[in-house]
Amino acid sequence: MGARAQYVVVENGAWQRYFSHWAAGRVVDELLPGPAAATRCFRAQRKIEEWLDDVWCEGAALVDHDRRIPLRFGFADSWADHRATRAVLARTWPGWDVRFPHDAMGDLTRHLGIGRDLTRAPGWFETFEPVEFAGGESTEPWSVVSLRLPDGSVRAWGSAWEPIEHLACGPALIGLLPASPLAAVLPAGFPFPHLPLATALRRLGTGLGTPPPDLTPALDALIAG
């Protein structure tokens, strides 16, 4: 059991790995107060000399002081919570290029110049041949796939699939989309949700317990705005 987290701090051309057995659910929270507090927090964890793989690592963060780039990934309850986190990080990491590593550990190791496959066994990701494009009957798709056609126009399809399922189709998805049922094509004026962030920001503050003094003004400003 556990919620394993990996941390990396890069400074003055060198990097060090750290580990927590239980902190994966708080990786993003630990970044919210800003670079100095996050770095102190990560360096307070246990030093390790190995990498967690995609199976065991449930959250990770990298703070690169040399390039002023933080990378982080972890579980978010909803899209609103993810957006709220991004809004706070934009305030508390001014001048930094805040990034979300969509490829999880692969993006962290690539950032360090040691490739994407260091923590992955050969054949860890395999494509499959799709038999249909699902989700045409859904009025509230879980995901949206867009395609720029040869004439330059862009069409979007709503789907009940998860994004990773689309990626697992590989290039075959490109030919499958135009042949999908017309009911799956989203209209030009499809109302994508624009969720208010106030509730998610308040929940974020509550989840932190007592926010650090340097984080409280950022939360208050975002809720008010």
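This is a predicted model: local features need pLDDT of at least 70, side-chain atom pairs count only at pLDDT 80 or more; totals for chains, interfaces and linings use all residues.
A residue counts as buried under 20% relative accessible area, as exposed over 50%, and as partly exposed in between.

Begin by selecting Trp15, which lies in strand β2 (residues 14–20). Its relative accessibility is 33%, and Trp15 is therefore classed as partly exposed. The strand around it is mostly covered, with five of the seven residues of β2 buried.

Trp51 sits in the loop between β3 (46–48) and β4 (59–64), 36 residues apart from Trp15, and the pair links distant parts of the chain. The two rings form a tilted aromatic pair, 5.7 Å centre to centre with 40° between the planes. Trp51 has a relative accessible area of 17%, so this residue is buried.

Now display the neighbours of β2. On one pairing, strand β1 (residues 5–11) runs antiparallel to β2 over seven bridges. Select Gln6 to find Phe19 of β2 opposite. The hairpin of β1 and β2 has two residues between the strands, and Asn12 there adopts a positive phi near 55°.

Strand β2 also pairs with β3, in the antiparallel sense, over three bridges.

Finally, return to the aromatic rings, of which the whole structure holds three pairs. Select Trp93 and Trp96: this pair is edge-to-face, with 4.9 Å between the centres and 85° between the planes. Trp93 is buried because its relative accessibility is 2%, and Trp96, at 12%, likewise counts as buried.

Conventions. Residues are numbered from 1 along each chain as its sequence is written. Side-chain values use heavy atoms; hydrogens and water are left out. Rings of Phe, Tyr and Trp (its six-membered ring) pair if their centres lie within 6.5 Å; planes under 30 degrees apart count as stacked, over 60 as edge-to-face and the rest as tilted. Helices (H or I, at least four residues) and strands (E, at least two) are DSSP runs, numbered from the N terminus. Buried means under 20% relative accessible area, exposed over 50%, partly exposed in between (1.4 Å probe, protein chains only). Two strands pair if DSSP finds at least two bridges between them.
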